[in-house]
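Subject: Structure handover

Hello,

Please find the structure below, with the sequence. My notes on it follow.

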Amino acid sequence: MRHRYQKRRPLTGLIVGAISGLAGTVVMTQFQHVWNEISEEMHKPRPEDEAKLAEKKKEEQKEDSTMKAAGKISEEIGRPLSREERRKAGPWVHYAFGTSVGAVFGVAAEMEADSVRRINPVFAGVAYGAAVFLAAHEIAVPALKLSSNPLKEPIPNQIAEFASHLVYGLGTALTYDGIKRVKR
């Protein structure tokens, strides 16, 4: 039960959550970079795999969901982007989305501050990261036709995406918890 002196502060949750979501997105992006480097190192092509390497380069040239989202947003405002502009705008979409989803985390945490304080931030982060993976990556992004059907994606790619979202959730929750502890 909430005590009289414990007020709900949704604006505080929004601001601290947005900062935390941005931090979580930075950590997620760095994790993805390291994951990709390790994966490439483990799967260095042999000379006989040159055709596969050429295919992989073609795959890398495909637009990811953030580039597609940037393109759709720009079309809606009446200024279509070139491919190069979409490539540059993609990370901005990624960081804006992560910041926004972090703000949602913060508002939710602030509205139920008593019960949230009792949850270990590591558990809260893993749960939130899994929820974001399911809601955004597996449902919303394919539904908006920004990516392919996740059931048709290779399992290693899905594992990498899931792990990345868990890292996002952890980064967001731990940053939020750290800021709130400093504030107390």
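A contact here means heavy atoms within 4.5 Å. Among contacts between residues at least 6 apart in sequence, 81% join residues at least 24 apart.

Two remarks on how to read the rest. This is a predicted model, in which local features need pLDDT of at least 70 and side-chain atom pairs count only at pLDDT 80 or more, while totals for chains, interfaces and linings use all residues. Residues are numbered from 1 along each chain as its sequence is written, and side-chain values use heavy atoms, with hydrogens and water left out.

Overall make-up

The chain has seven helices and zero strands. Helices (H or I, at least four residues) and strands (E, at least two) are DSSP runs, numbered from the N terminus. Of the 184 residues, 34% count as buried; buried means under 20% relative accessible area, exposed over 50%, and partly exposed in between (1.4 Å probe, protein chains only). The chain exposes about 12,300 Å², and carbon and sulfur atoms supply 64% of that area. Accessible areas come from the Shrake-Rupley method with a 1.4 Å probe, and for residues only the protein chains shown count as cover.

Cores

A nonpolar core is a set of buried Ala, Val, Leu, Ile, Met, Phe, Trp, Tyr and Cys residues joined through side-chain atoms within 4.5 Å. The largest one has 11 residues, among them Val-16, Met-28, Phe-105, Tyr-128 and Tyr-176. Helices α1, α4 (83-111), α6 (121-143) and α7 (155-183) each supply at least two residues of this core. A second, separate core has seven residues, including Ala-69, Leu-81, Ala-89 and Val-93.

Val-16 and Leu-11

Both Val-16 and Leu-11 sit in helix α1, which covers residues 10-42. Is Val-16 buried or exposed? Val-16 has a relative accessible area of 8%, so this residue is buried. Leaving aside residues up to four places away in sequence, Val-16 touches Tyr-176, Ile-179 and Lys-180. Val-16 and Lys-180 are 164 residues apart along the chain, yet their C-alpha atoms are separated by 8.1 Å.

Leu-11, by contrast, is exposed because its relative accessible area is 55%. Together with Leu-14, Ile-15 and Ile-19, Leu-11 forms a nonpolar surface patch with about 370 Å² of accessible area. Patches are made of residues with over 30% relative accessible area and no salt bridge, with like charges joined within 9 Å and nonpolar side chains (Val, Leu, Ile, Met, Phe, Trp, Tyr) within 5 Å.

Salt bridges

Side chains of opposite charge can pair when their charged atoms come close. The search of the whole structure finds six salt bridges, each being a side-chain nitrogen of Lys or Arg within 4 Å of a carboxyl oxygen of Asp or Glu.

- Arg-86 pairs with Glu-63, the closest N and O atoms being 2.4 Å apart. Arg-86 lies in helix α4 and Glu-63 in the loop between α2 (50-61) and α3 (65-76), so the pair ties together parts 23 residues apart in sequence. Arg-86 counts as buried at 19% relative accessibility, and Glu-63 as partly exposed at 22%.
- Arg-87 pairs with Glu-84, also with closest N and O atoms 2.4 Å apart. Both lie in helix α4, three residues apart, about one turn of the helix.
- Lys-180 pairs with Glu-110, at 2.9 Å between the closest N and O atoms. This pair links distant parts of the chain, with Lys-180 in helix α7 and Glu-110 in helix α4, 70 residues apart. Both residues are buried.

Salt bridges that share partners also join Glu-63, Arg-83 and Arg-86 into one network.

Regards
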